[in-house]
Amino acid sequence: MTRRDVFEYALLRVVPRVERGECFNAGVIVYCRAHSFVAARTHLDEAKLRALDPDADVVGVRAALRAVEGVCGGGEGAGQAAGDDAGRRFRWLIAPRSTVVQPGAVHSGLTTDPACEVERLLDLLVR
């Protein structure tokens, strides 16, 4: 029997006009404590973004999504979080914020391969 470990994930939502509250999914963050694993994958649907806000800053939204991926990756790309462990980086990224890119609620599941979960969830919930 293959060992399955608990993992947590949160969707990344794009909220082009925070005052309106309209949003769509643009990424997913996955954390698995047993593997000291945290990763994010993003996919920005520019047509959805423009539908909600024709004047949206596409470059800025892409940069914010890339920044989340960078923090998950650790090292120089993580900025001030570079020295933090995977769990601490995940918790920092899922903290509520009122910005154009926001984390959704945290959910959990079981997996044998957290890296595969990132891609599976991106395909299932974002693309």
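**Figure 1. The open sheet of the predicted model.** Strand S3 (37-42) and strand S4 (101-111) are the edge strands. Each of these two pairs on one side only. From one strand to the next, the twist averages 20°.

**Figure 2. Strand S1 and its pairing with S4.** Strand S1 covers residues 5-14. It is joined to S4 by 9 bridges, and the two strands run antiparallel. Two facing pairs can be picked out here. Leu12 stands opposite Pro103 of S4. Val14 stands opposite Val101, also in S4.

**Figure 3. Strand S1 and its pairing with S2.** Here 7 bridges link S1 to S2. These strands also run antiparallel. Glu8 has Tyr31 in S2 as its bridge partner. S1 is mostly covered, with 7 of its 10 residues buried. In a regular strand, side chains alternate between the two faces of the sheet.

**Figure 4. Helix H2 packed on the sheet.** Helix H2 spans residues 58-73. It touches S1, strand S2 (24-32), S3 and S4. The direction of H2 makes about 160° with that of S3.

**Figure 5. Helix H4 across the strands.** Helix H4 is formed by residues 114-125. It lies across S1, S2, S3 and S4. Relative to S2, helix H4 runs at about 165°.

**Figure 6. The buried side of helix H3.** Helix H3 runs over residues 86-94. Its buried residues are Ala86, Gly87, Arg89, Phe90, Leu93 and Ile94. They lie on the same side of H3 because they cover an arc of only 165° around the axis. What covers these buried residues includes the strands S1, S2, S3 and S4. Helix H2 is also among the covering elements.

**Figure 7. The start of helix H3.**

Key: Residues are numbered from 1 along each chain as its sequence is written. This is a predicted model: local features need pLDDT of at least 70, side-chain atom pairs count only at pLDDT 80 or more; totals for chains, interfaces and linings use all residues. Side-chain values use heavy atoms; hydrogens and water are left out. Two strands pair if DSSP finds at least two bridges between them. Helices (H or I, at least four residues) and strands (E, at least two) are DSSP runs, numbered from the N terminus. Axes are lines fitted to C-alpha atoms, for helices over the stretch in contact, and angles run from 0 to 180 degrees between N-to-C directions. Contact means heavy atoms within 4.5 Å. Buried means under 20% relative accessible area, exposed over 50%, partly exposed in between (1.4 Å probe, protein chains only). The arc is that of the directions from the helix axis to the C-beta atoms. A polar contact is a pair of N or O atoms within 3.5 Å; within protein, one must be able to donate a hydrogen and the other to accept it, and residues adjacent in sequence count only if both atoms are side-chain atoms.
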